[in-house]
Protein chains: 2
Amino acid sequence: MNFPPEVTIKEVGPRDGLQNERTVVPLDAKVEWINLLSETGMSYIEISSFVRPEWIPQLKDATEVAKRIKRDPNVTYAALVPNQRGLERALEVDIDEVCVFISASETHNLKNVNKTIADTIPIIDKVANEAVQNRKQLRGYISTVFGCPYEGETSIDQVLFICDKLLEMGVQELSIGDTIGVADPLHVENVTKALLNHFPKDRIAMHFHDTRGTALANVITAMNLGISKFDSTVGGLGGCPYAKGASGNLATEDLLYMLHRMGVHTGINSEKVSEAATYISQHVPALSSHQMKLLNS
Amino acid sequence: MNFPPEVTIKEVGPRDGLQNERTVVPLDAKVEWINLLSETGMSYIEISSFVRPEWIPQLKDATEVAKRIKRDPNVTYAALVPNQRGLERALEVDIDEVCVFISASETHNLKNVNKTIADTIPIIDKVANEAVQNRKQLRGYISTVFGCPYEGETSIDQVLFICDKLLEMGVQELSIGDTIGVADPLHVENVTKALLNHFPKDRIAMHFHDTRGTALANVITAMNLGISKFDSTVGGLGGCPYAKGASGNLATEDLLYMLHRMGVHTGINSEKVSEAATYISQHVPALSSHQMKLLNS
């Protein structure tokens with residue numbers, strides 16, 4: 001086993017977590033929660049999404065969230081930006097990092113943003129250009145890399161094509177998403193090797209969901225290939241839009257448990273993460289992380 | 001990644017699962033459930049425990065279970081046997097495999113069987129001898145290999161000492177238990193390497209609990225070192241006696257999902273396993289496997 005001594009965890013709970021939960025968390029609670037997350041030692045929090053409010057009502061208060069949270073200078077506060085209008089809103093509140101997104105599979109992209117992949121690329125290219133001009137950090141999410149709910153398995157060539165496009169636009173980091181939590185370690189190894197054949201490893205973060213219990217097996221596989229950046233959500237927030245009650249994103253606490261016990265440095269205080277999880281669990285019932293279940297026992 | 005093309009799953013739900021659930025499952029339901037499990041293609045089912053009925057009331061009907069189940073000649077029906085009296089009961093119902101058990105940590109062994117490790121060894125030695133004389137297969141469970149709820153981490157030397165003792169008694173297979181679900185992949189790698197330095201790999205099965213979400217990460221780590229036998233329970237039965245609502249044993253469905261998607265052969269029909277899980281879920285509420293949650297969605 002040969003894994004990086006240090007891992008960066010990117011907390012995406014306030015965005016990818018809440019967007020997939022039915023419950024709408026009140027603005028005050030979001031702000032308080034993000035403030036608690038800022039005190040855990042995390043260096044990265046994705047706080048919301050500047051998509052059209054009617055698309056994702058759970059995140060319609062993105063502007064207010066961004067304005068009201070206490071910003072720690074050691075934390076990058078990021079948000080999802082789908083288009084020009086979203087970018088304007090993100091720039092108004094001076095978000096640190098702009099995250100563009102696109103699916104690797106045509107049907108998922110169509111259902112997600114109502115556009116083909118070919119039509120999406122110029123739109124996010126424009127967002128990316130302007131974000132860079134405004135000296136914003138730039139991240140690119142690629143969804144359905146390991147499988148699509150409509151098309152089944154995604155081809156690695158298609159993933160590499162999308163990665164190339166995003167990097168050409170100036171994206172500094174790719175978040176490689178197992179959106180529906182289907183990946184297994186062998187698949188992760190194959191995709192990761194293909195990515196590392198084409199791109200430097202510091203450009204790559206992995207974004208696993210724990211829908212079928214494989215998330216940490218996938219993390220350890222990617223770590224053994226040198227990947228050191230992972231997305232996760234406190235409490236395992238994010239359910240699965242296709243399956244009520246199913247596990248959502250990889251839980252930050254589960255990831256921290258494994259990493260810290262292996263002696264991997266994260267800079268994050270697990271107890272403070274548990275406090276933040278307990279706080280948000282008052283607003284989102286039935287969080288799925290193993291640590292939450294232990295806490296609630 | 002270099003893993004065995006074939007893996008044997010040892011279903012321990014009717015014993016290790018039910019013994020850690022509060023609910024007492026009626027005899028009829030146990031029999032029906034084990035019959036369903038026998039139809040899944042599994043080659044091994046641990047059906048109960050011949051400990052004193054007052055110790056584990058959930059399993060007090062071991063004799064009746066063994067008498068009433070339909071035995072498939074391709075399945076090994078095993079049971080836990082703590083002592084001479086337990087062995088007599090197991091032989092009366094002609095169990096296929098006798099499983100002795102001992103903890104690697106002194107305090108856990110004391111709390112579990114009310115005896116020191118030194119006092120336990122001669123007792124199971126006698127059971128083992130007589131089981132072998134009766135041409136029974138013989139398995140040895142070692143608990144708390146990766147950590148003890150009372151003593152913390154367990155020394156690898158202590159684990160190797162216990163393994164040696166069990167193999168000397170004629171045990172054909174060691175089940176290396178992460179009883180409280182604390183193991184991480186690095187720890188699993190270290191323990192597995194130490195075991196493989198001393199014993200042939202076909203003597204070793206791994207028994208992981210998913211209390212903290214690490215079970216499949218631990219499985220993939222052990223598989224990469226050549227281990228090809230794993231214990232699990234349908235539905236993730238087995239909770240955690242120390243934490244209400246927490247995940248229990250590694251769920252057979254989660255293990256099957258990962259293995260089959262990686263192309264690993266198990267001989268087991270996943271759909272039939274889901275049917276067996278659905279059946280027992282009527283009697284044990286809130287099963288924890290990810291697949292159960294997907295099924296129930």
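Predicted model: local features only at pLDDT ≥ 70, side-chain atom pairs only at ≥ 80, totals over all residues.
I'll start with chain A as a whole. Chain A carries 12 helices and eight strands. Its radius of gyration is 17 Å, close to the 19 Å that the globule rule gives for 297 residues, so chain A is as compact as a globular protein of that length. If you take the principal axes and draw a box, the C-alpha atoms of chain A fill roughly 50 × 45 × 35 Å. Of its 297 residues, 55% count as buried. As for the contacts in chain A with a separation of 6 or more, 74% of them are between residues 24 or more positions apart.

Next, the core. In soluble globular proteins, nonpolar side chains tend to be buried together. Here the largest nonpolar core has 174 residues. Which residues have the most contacts inside it? They are Ala79(A) and Ala79(B). Take the copy in chain B: with residues up to four places away in sequence left out, Ala79(B) touches Arg15(B), Glu46(B), Ile47(B), Ser48(B), Ser49(B), Phe50(B), Ala62(B), Ala66(B), Ala90(B), Ile95(B) and Cys99(B).

Back to chain A for the strands. Strand β3 of chain A covers residues 76-80 and pairs with β4(A) in the parallel sense, over three bridges. Within that pair, Leu80(A) stands opposite Cys99(A) of β4(A). Strand β4 of chain A, residues 97-103, is mostly covered, with seven of its seven residues buried. Glu97(A), Cys99(A), Phe101(A) and Ser103(A) point one way from β4(A), while Val98(A), Val100(A) and Ile102(A) point the other way; all are buried. That list includes a glutamate, Glu97(A).

Val132(A) is 35 residues from Glu97(A) in sequence, and their C-alpha atoms are 9.8 Å apart in space. Val132(A) sits in helix α6 of chain A, residues 117-133. With 16 other C-beta atoms within 10 Å, Val132(A) is partly exposed. Outside four places in sequence, Val132(A) touches Leu138(A) and Gly170(A).

Now the pair of chains. Two copies of a chain are related by a rotation about an axis and a shift along it.

One residue to look at here is Glu189(B), in helix α8 of chain B. Is Glu189(B) buried, exposed or partly exposed, and what is its count of C-beta neighbours inside 10 Å? The count is 18, and Glu189(B) is partly exposed. Leaving aside neighbours within four places in sequence, Glu189(B) is in contact with Met1(A), Thr221(B) and Leu225(B). Glu189(B) and Asn218(B) are 29 residues apart in sequence, with 8.3 Å between their C-alpha atoms.

Last, two backbone details in chain B. Arg135(B) is not a glycine, yet has a positive phi of about 55°. Arg135(B) is placed in the loop between α6 (117-133) and β5 (137-143) of chain B. It has 6 C-beta neighbours inside 10 Å and counts as exposed. Thr144(B), also a residue other than glycine, has a positive phi near 55°. Thr144(B) is found in the loop between β5 and α7 (156-168) of chain B. Is Thr144(B) buried or exposed? Thr144(B) is buried, with 27 other C-beta atoms within 10 Å.

Terms used
Residues numbered from 1 in each chain as written. Chains lettered and ligands numbered in written order. Helix = DSSP H or I, 4+ residues; strand = E, 2+ residues; numbered from the N terminus. Rg over C-alpha atoms; globule rule 2.2 N^0.38 Å. Buried ≥ 20, exposed ≤ 12 C-beta atoms within 10 Å, placed from the backbone. Contact = placed C-beta atoms within 7 Å. Core = buried A, V, L, I, M, F, W, Y, C linked by C-beta atoms within 7 Å. Pairing = 2+ DSSP bridges.
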